[in-house]
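Biologist: I have the model open and want to go through it with you. Can we start?

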Amino acid sequence: MTRLDKGGLVDRSVVLSFSFDGRRMEGHPGDTLASALLANGVRVVGHSVELGRPRGIFSAGPEEPNALVRVGADPMLAATTVELYEGLEAWSLRGKGRVDLDATDDRRCDKGYLHCDVLVVGGGPAGLAAALSAGVAGARVILVDDQPRLGGDLLNSRVRLDGSRALDWVALVRARLASMPDVRVLTRTTAIGYYDHNYVVAVERRPRGERLWHLRTAQVVLATGAQERSLAFPGNDRPGVMLASAARTYVNRYGVRPGRRAVVFACADSGYEAARDLRAAGVEIAAVIDPRPQAPAEALAGQVVTGTVADADGLLTEVLVGDRRFEADLLAVAGGWNPVVHLFSQSQGRTVFDEEAQAFVPGASAQAERSAGACRGRYGTAEAIQDGYAAGCQAARPAGKRQGGGFRVPETDELPLRPPAAVWLVEPQSTDAPDVFADLHRDVTVADLARAAGTGMRSVEHVKRYTTAGTGADQGKTSGAVVAGVMSALLGAAPGQVGTTTFRPPYTPVSFATLAGRDRGALSDPVRTTAPHASHVARGAVFEDVGQWKRPRYFPLGGETMEQAVLRECRAARTGVAAMDASTLGKIDVRGAGAGEFLDRIYTNMYSTLRVGSCRYGVMCTADGMVFDDGTTTRLADDHYLMTTTTGNAAAVLDWLEEWRQTEWPGLEVSFTSVTDHWATVAVVGPKAREIIGLIAPGAEELAFMTYAATKVLGVDGRVFRISFSGELAYEVNVPWWYGRSLWETVLDLGAVPYGTETMHVLRAEKGFAMVGQETDGTVTPQDLGMSWLVSKRKPDFVGKRSHARPDTARDGRKRLVGLLADDPAAFVAEGAQLVGPTGPMLGHVTSSYVSAALGRSFSLAMVRGVAVGDRLSAVSGESAVPVTVVEPVFYDPGNTRRDGDPAVRAVAGRAAGCRKESPAAAFAGRFEAAGSERVRLREVPFVRMWEVRGADPGVGLRLGPDWWLVTGDTEERPGWVDVSGQRTVLELTGPGALDVLITGCPIDLHPAVFPGHAQTLLGKAAVLLERFSEPEGEGGYRIYVRSSFATYLAEWLLDALEG
Amino acid sequence: MLLIDCPHCGPRDENEFRYGGQAGIAYPETPASATDAEWAEYVFLRDNPKGWFDERWFHVHGCRTWFTLRRHTVTHEIWNP
Ligand SMILES: [Zn+2]
């Protein structure tokens, strides 16, 4: 054992047992895995990636290139960064990690969003001083530091401040920071990325799993310190060769002797500090080698280490200095310091080479940031503290309420530092000398760099890619400056001219589990569900993803295959009555005196002439004339329309309308309100549909084709539209979300056969109705679909009209919609199959292909150029070529004789039972209750009445945007208000921990001093309206208004968050 | 992740917004009288400068306002007059 009897920051009274490569070992709280391994006499921790050379512990921090281990499910971690814990199991690696797919990952990672005025990165002397001075000035401050405790290099050294231990000063500052409510200190937190607009991402290591912090700040103070570097000399990779600062850290902080007898290679003065501290810990110092001509008496001045000797296991036994040999098991190398400029460089700041410090230091800033202390070459402790105070004061100035300053800088016992020796490379003195390594992690030698230089490479970026230097998990933290130095020696240029490679995030490796946080499994992507969703699940529906929606694709009975189920569902719709949940169709309430004119400009056909109470099918194009979306729009009143969109395009169409209104036609008085989630929609389809409609909405069964009625449906205010996408008699019945499930179940109880999207596709394709996104792909005009009849010739303009006259869109020979029948009625033509004639090129492709119950055969739709009905083609897909004949694209009932259903089926007397009311998160009531605690409680506030209001300020409600309000509660509805009561539901989060839950998913600043009381933003992956309330007294909380279709996702997300 | 200052809501993360391309491309007054070349220019051609660029953003997850801002395409700096 090499553990010292006393000293350091480990708690010897507690023993932690752990294992390394299956061997049981012991350590103490405060240890890293690396210090514990050294304490247990482990010298070889792994083998290098390319050459398989034995490697030991080289550093004491995140710069470690050698001591890489597997710990549990983590395939590759630096042992120097792993805090020891009871039961830790670590395994050595040969350079590269390997993911163990069987390893259980029970980590619970999370994320969080925080905002501040001043973010300080690094909790050493400079960072502590900066955080203190910024905090005293009244700024909101966040201090992040990667170690378990604050202090930075003061944890590793024996420097004294004002005659006392430096850690006493740290404790004083820490206490003052803790007393300031707007200062937040995050330890064990590594800032890994610095992005645009002062966006910094940091990883906090927690026992149960990391937390990824997203930090947005007005000002950044980088106090990231410096890392010692080695230099290139023969045999510089042997176990026993260690950075001098690391050797010093192991004795001072961990109470571990990293060797018995040491040689110190002191290119910089930190070597002397290491020699002093090693000696104090009982390590014999065989020699101090200082390349500089003037050196203290204890050193061999003007000398360099010229090689090392190892035993059979590869362990260091001797250090060579010219002709002299020193027996040693530790070679402590002080090659000089590299300021940690990674984050500075990521912020797009340019580094410059400082000749005196022989290091790259921050140059001009690109963002609102400043560096302080060792990360800009201010290595002395007092100097760093002074620098930190100044940086904190400056950074707080824009936000500061008070003027800081007057901080006293403590006196230190440190000696002034001399410039380091400008030595990067000690050439081998003989051909049989051991390899000279530049990058230990990647096994890149000076010979490799010389080869790169020999091929003519001059840029370090090229050398990096050619040799792989700097591409390891350590990202070249110890090797980057060495490579630049060696290349400068090889090329005869200054290191500043050679430069460094680009520093990219992340600063330290991050696991995908950390990045994913809680967005895994069911929470990885929001799932939108309709009001009847639970019924579909109970009925055994097979679902299909349409955008974020879960839609039933078919409803198998017994052991039916999809094909069998779809044939049965189609037969029901064509011969009896069937029903589909059509709630996912986009629905947009369009109002205002200019509504008709607006729709005329957006659609290819006319809406201003549509009779009130009538529906019209329409297509809208983008400015290039291509089909964008389709659907029916109904005129509810003179200045009031209801537009429907495809399921997938609902949001895009609403954005599109808003874009034209705001940016091109602000003079038109028109407004748009999404009511997609407010209305649950059930399509009742088939020749016998009239009977069911008569029972649920008496009177509506006699609606004429393409008309609508606002009517009671099962006793509640609803809407019935007589619209058909199947050619059969069909109705779309709408009730507010709360009643949707009850409506669906009632319709099925009355005998309708449930059908899903697959049957819907077959029915529309049999009628030759093109489907946006199936037949169209952004290159198809209405004319290409054979819909010229839908394109107005009378209107002076509509979006896309001029493009229809462009030479390319107006030409003959474009692909057009046709039908295809295979010669063999049982042959199935694959969607996407390429269509070719007897000779010549590809003419088109198959867009839809189904088996039809009504036709008793397969059929297809296709987009093909230059063909006529009767032409014969081959549909080629993979190895198969199916002979097909071109036909008209209407396969079923071309005369539209079935539109009015079975005349024998009339309404029957009677009325279905009333409607049951259910709120979107009703199913969660029990789980919400059970998840509550003293800190935070969650509940749904169901059935809140809501209206969206446009135009003039109603004087009540929440302002959502310019001329846009949400009015809630027991208010008298006023003319022009859009009832959106079913569009959203309210989830209420209360208790002192509510804010801690919200910051795990809400990116905006929720600080009470900044948050305006309500805001539309994101929570998790759902758009929400967030409202803070303070009643009742002292309690308060947040109301989260969420779209009803996202309620299940957000409820699950919140319940997951409540688990902490 | 840019920080974009919505004129109505204040500074918000970029992912609350939708990008709307170059600003100041007005819909032609009389499309019917535009030549094919003029029309193609309106529909298809946009500037792609290295430097300051006026562009449109839509606060899709907030107040649903379209607005114009000037962004530097190299540094991502947003013009703050
Ligand atoms: Zn906004």
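Biologist: Which residues of helix 15 of chain A are buried?

Modeller: Ala595(A), Gly596(A), Phe598(A), Leu599(A), Asp600(A) and Ile602(A) are the buried ones. Buried means under 20% relative accessible area, with a 1.4 Å probe and protein chains only. Helices are DSSP runs of H or I with at least four residues, strands are runs of E with at least two, and both are numbered from the N terminus.

Biologist: Why is helix 15 of chain A largely enclosed?

Modeller: Six of its eight residues (the helix spans 595–602) are buried, so the rest of the structure largely encloses it.

Biologist: What do those buried residues pack against?

Modeller: In chain A, they pack against strands 34 (586–591), 35 (615–621), 36 (627–637), 37 (640–645) and 38 (671–674), and also against helix 16. Contact means heavy atoms within 4.5 Å.

Biologist: Where does this model come from, and how is it numbered?

Modeller: This is a predicted model, where local features need pLDDT of at least 70 and side-chain atom pairs count only at pLDDT 80 or more, while totals for chains, interfaces and linings use all residues. Residues are numbered from 1 along each chain as its sequence is written, chains are lettered from A and ligands numbered from 1 in the order in which they are written, and side-chain values use heavy atoms, leaving out hydrogens and water.

Biologist: Back to helix 16 of chain A. What does it lie across in chain B?

Modeller: Helix 16 (650–663) of chain A lies across strands 3, 4 and 5 of chain B, at about 85 degrees to strand 5. Axes are lines fitted to C-alpha atoms, for helices over the stretch in contact, and angles run from 0 to 180 degrees between N-to-C directions.

Biologist: What order do the chain B strands take in that sheet?

Modeller: The order is 3-4-5, an open sheet of three strands with antiparallel pairing. Strand 3 (18–22) and strand 5 of chain B are at the edges with a single partner strand each, so one side of each has no neighbour in the sheet. Two strands pair if DSSP finds at least two bridges between them; strands 4 and 5 of chain B are joined by seven.

Biologist: Now the metal. Which residues coordinate the zinc ion?

Modeller: Cys6(B) (SG), Cys9(B) (SG), His59(B) (ND1) and Cys63(B) (SG), at 2.0 to 2.4 Å. Donors are N, O and S atoms within 2.8 Å of the metal (3.2 Å for Na, K and Ca); water is not among the atoms, so sites may look incomplete.

Biologist: And are Cys6(B) and His59(B) buried or exposed?

Modeller: Both Cys6(B) and His59(B) are buried.

Note on methods:
Buried < 20%, exposed > 50% of the residue type's maximum accessible area, 1.4 Å probe, protein only.
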